[in-house]
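Here is a short briefing to keep beside the viewer while you look around. Have the sequence and the model open, and follow the topics in whichever order you like.

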Amino acid sequence: MKKYVLFCTAALLPSAVYAQSTGTTTFENQTIVVTGNRDKAIDGVKVTDTTKAKSVLTQEFIARQQPGQSIDDIINYLPGVSFQSNGPYGDAGGTLTIHGFDASRISQTFDGVPMNDSGNYALYSQEQLDPELISEVNVSVGSTDLDSPTASATGGTVNYVLRDPTEQMHARVEGSLGSFGFRRFFGVFDTGSFTKWGTRAFVAASNQKDHNPYDPSSKINKTQLNAKIYQPLAGDDFISLNGFYVRNRGQKFNDVTLATFPTSSTHSSLKPPACTTTVPVPGAADKANGCGLAANGYFGYGFNPSNIFRLHVNSRFTLAPGLILTLEPNYEYTEANGGSAVVATEGFFNLRNGSTTTPIFGYIAGKPYFGGVDLNGDGDTLDTVTVDAPSNTVTHRYGIIANLIYRWSPTQEFRVNYTLDHAKLRQTGEVGLLGPNGRPLEYFPSDDPILDATGDPMEKRNRLSYSILNQVSGEYRGKFLDERLVIDAGVRAPFFSRKLNNFCVAESGGSGFVDCFNDPASQAAFMAAHPTDQLPQARNLKYSRVLPSAGLTYLVAPATQLFANFSEGLQVPSTDALYDAFAFPKGAPDATPKPELSKNFEGGVRYNSRKVKAQLSGWYTAFSNRIEDSLIADPQNPGQFISVFTNLGDVHKYGIDASFAYAPVRQLSLYAFGSLMHSNILDDVVGGACSSSDVRFGNPAGGLTVCTTVGQPIVFQTAGKQESGSPTYTLGGRAQGNFGPLEVGVQAKLTGPRYVNDQNTGIFAFPAPPKPPAPPLPNTEVFPAKTPAYTVVDLDARLSLDVIGLPHESYFQFNVHNLFDKFYVSGFNGTINNSAFRSQFVYVGAPRSITGTLNFAF
């Protein structure tokens with residue numbers, strides 16, 4: 001079936017090969033109609049002829065991976081990319097970096113439309129398009145397309161495209177069974193051309209279920225629907241409409257810390273502890289049960305549900321000879337949440353203001369106080385009760401990408417572009433009830449929230465944001481010297497607006513805490529006791545910059561091309577970082593976080609023949625105002641820590657990428673790739689001053705020193721160090737043999753060491769100082785400075801069922817992920833801290849899984 005679909009698409013459809021917007025595809029003269037064997041992929045691996053170091057994988061490669069696998073996992077087999085999956089089947093999320101840039105700095109687009117969260121720019125690999133429907137995926141490092149609607153492309157761009165409907169009617173049904181309860185169904189029906197104008201469409205659906213490999217109680221259920229209708233017009237013009245819907249119902253699973261990383265896959269920390277509850281006693285002050293809390297180091301009780309719906313139009317119109325208009329409007333609706341349980345108080349928070357104590361209620365200092373509400377049904381309001389308290393987000397997002405292209409000769413063209421991306425984010429924190437097993441009763445507590453004494457929903461956060469991008473750009477492309485030399489020159493000017501409304505009190509000092517009140521008297525009393533905190537308020541922030549780009553390619557021989565590219569990037573602070581800045585009064589320096597800026601240089605050589613596809617490139621990125629998440633002492637809860645954003649200042653990154661695909665004979669293909677990556681943080685980072693709590697608990701003051709006096713400077717020793725969380729090198733490859741009806745492939749990826757913090761030290765336990773005159777206790781390293789390198793090997797085999805008389809496109813496929821069952825440290829985010837108590841969460845690598853798939857084509 002796969003070869004049939006690709007044949008129809010390649011032969012008949014003028015849609016984008018490189019998964020960019022229609023405007024960029026048209027401007028770069030990239031169509032699916034190929035002109036010779038040199039342009040064909042080698043078992044799914046291609047090289048491009050752009051000025052950027054762009055890597056491409058086609059459906060031929062994608063289809064050999066695990067059924068249902070996320071495209072973010074599949075691009076792990078491209079140079080410069082590192083992805084650690086939280087599970088073997090693409091539905092449990094993961095950690096993506098490209099050249100050391102985390103996912104919030106990578107722009108990911110689906111047919112040119114952004115997939116990043118519009119608030120924090122996060123990517124969710126479990127929410128991507130079904131792999132069976134992806135024609136191609138490409139990765140550009142450092143550079144983004146001029147018309148891309150992104151606020152987060154300082155680190156690179158991932159583009160993939162939904163295939164077009166075929167001209168012939170056909171259907172495909174696929175079923176998979178595998179390890180860890182994996183069950184998956186996928187089906188697609190193409191209508192073929194059903195009008196005299198060539199109108200055609202398809203509908204597709206999938207459902208998959210499985211559970212976490214280490215915790216069978218953590219179950220996942222994912223459903224996806226897709227549809228597309230395509231109308232060809234005169235020449236290469238067309239208009240199409242596609243719809244995408246995905247419903248994820250995933251239970252959280254335990255993520256340990258590096259400081260507590262288990263020694264084996266059977267370690268007890270990977271499974272939930274015994275959950276026991278007690279019956280509340282009327283008239284008694286009952287204590288909250290531990291079920292649902294992060295008891296015994298287990299953080300896997302909650303849910304991570306999402307509902308996502310998207311509509312997207314692609315269109316191209318030739319207005320006059322050489323004058324082309326492309327229009328791409330889009331709309332998205334997202335509802336999602338994630339978080340954990342907290343201990344709620346049925347009664348009041350006793351607020352101390354000098355010698356006065358005032359009972360108030362609200363969500364205060366990270367905990368809900370309901371003001372006299374019976375939560376457990378025992379008839380009194382004396383108790384503390386464990387409740388679900390996730391962060392809920394509802395997003396309405398729309399936009400358009402419009403390009404006007406003018407070709408005044410076969411070798412000269414210019415385009416102007418307008419791009420709009422408008423997102424309305426409603427971010428709340430409704431509180432819900434838990435069941436006896438510690439799991440929430442509702443996927444979305446907003447559907448049935450617990451009300452406080454005012455009769456309104458208790459909220460742990462309450463904000464309304466508008467993230468708006470208006471962008472104009474222009475680009476020139478010229479071909480010279482018999483078209484051997486191609487020069488691109490462009491400029492884009494993004495204008496970002498952030499309209500922020502925080503309906504809670506922001507605690508002063510940059511702690512990141514908000515205190516939410518439905519009762520005006522409680523809020524007034526709280527502000528009287530904390531006069532430096534910031535009242536609920538609105539702020540409007542604007543960011544803009546003119547960003548030039550330029551590049552060239554030069555064909556030095558029929559199969560050999562040189563390329564070079566320069567671009568500048570801009571990343572606007574996320575809404576989380578901007579709301580954290582509400583802790584500072586308007587006009588204060590810290591009230592307006594700076595945008596991240598990058599200058600990207602890349603160049604190299606590529607070789608492209610029928611049997612060989614090879615590319616070697618070097619890159620350099622100068623990055624300023626690098627923002628990173630870090631932990632500080634919690635002023636409300638001594639001995640605890642909270643997450644805040646830290647500016648690392650200037651960071652320089654550079655490296656080498658290489659890939660080589662070779663098909664010596666038709667029956668065999670070989671593919672190898674690798675990357676070397678290095679980063680250099682230029683300066684130490686000042687982290688404030690030691691508080692009395694820091695001194696009391698012996699919290700670190702930077703490096704291996706600890707706080708000994710109040711006011712002692714905290715200086716993180718980052719100068720000359722590498723960024724954490726991404727590998728220093730990667731190496732991988734694939735071999736595929738085609739033996740008539742049987743095709744066999746084996747692939748492997750070596751991921752190099754990753755620093756665990758930006759100070760490049762190990763993770764240490766800093767003991768609290770003993771009482772004088774006892775000497776200070778020594779620090780103890782609980783995890784080394786780098787995670788060990790690891791190698792994962794996969795195996796796949798496909799048998800065509802034409803041996804039993806079925807169509808050639810019907811087959812049985814066998815996949816083994818992590819063939820040698822390697823146990824390894826999976827994904828984690830970079831951090832500046834090196835304290836065991838502040839250690840970041842980390843996932844455990846997915847163990848060996850075995851999957852069988854039957855695919856029938858009709």
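A residue counts as buried under 20% relative accessible area and as exposed over 50%, with partly exposed in between. By that scale Y476, with a relative accessible area of 23%, is partly exposed. Please keep in mind that this is a predicted model, with an average pLDDT of 88 for the protein.

**Confidence**

- A score of at least 70 is reached by 92% of the residues.
- Residues 1–19 have a pLDDT below 50, yet the model gives this stretch 68 contacts beyond near neighbours in sequence.
- Over residues 30–37 the pLDDT also stays under 50, and here the model has 15 contacts beyond four places in sequence.
- Where pLDDT is low, predicted coordinates should not be read in detail.

**Aromatic pairs**

- A pair of aromatic rings is described by the distance of the centres and the angle of the planes.
- How many aromatic pairs are there? The count comes to 21.
- F303 and Y443 have ring centres 4.4 Å apart and planes at 35°, so this pair is tilted.
- F303 sits in the loop between strand 15 (256–257) and strand 16 (306–320), while Y443 belongs to the loop between strand 23 (412–430) and strand 24 (459–480), so their pairing ties together parts that are 140 residues apart in sequence.
- W408 and Y476 make a stacked pair, with 6.4 Å from centre to centre and 25° between the planes.
- Because W408 lies in strand 22 (residues 384–409) and Y476 in strand 24, the pair ties together parts that are 68 residues apart in sequence.
- W408 is partly exposed, with a relative accessibility of 43%.
- One aromatic cluster is formed by F61, Y77, Y671 and F673.

- Strands of a sheet pair through backbone hydrogen bonds, either parallel or antiparallel.
- Which order do the strands take in the open sheet of three? The order is 3-4-5, and the pairing is antiparallel.
- Strand 3 (81–85) and strand 5 (101–102) are the edge strands, each of them pairing on one side only.
- Strand 3 and strand 4 (residues 94–98) run antiparallel and are joined by five bridges.
- Across from F83 stands L96, which belongs to strand 4.

**Two buried strand residues**

- V342 is part of strand 17 (residues 323–345), and with a relative accessible area of 15% it is buried.
- Which residues touch V342 from beyond four places in sequence? Its contacts are L293, Y363, G366, P368, V385, T386, V387 and A389.
- One of these, P368, is 26 residues from V342 in sequence, and their C-alpha atoms are 8.1 Å apart.
- N600 belongs to strand 31 (residues 596–608), and its relative accessible area of 3% makes it buried.
- The side chain of N600 has a polar contact, at 3.2 Å, with the side chain of T621.

Key:
Residues numbered from 1 in each chain as written. Predicted model: local features only at pLDDT ≥ 70, side-chain atom pairs only at ≥ 80, totals over all residues. Heavy atoms only, no water. pLDDT = per-residue confidence, 0-100. Contact = heavy atoms within 4.5 Å. Phe/Tyr/Trp six-rings, centres within 6.5 Å; stacked < 30°, edge-to-face > 60°. Helix = DSSP H or I, 4+ residues; strand = E, 2+ residues; numbered from the N terminus. Buried < 20%, exposed > 50% of the residue type's maximum accessible area, 1.4 Å probe, protein only. Pairing = 2+ DSSP bridges. Polar contact = N/O pair within 3.5 Å; in protein donor to acceptor, adjacent residues only side chain to side chain.
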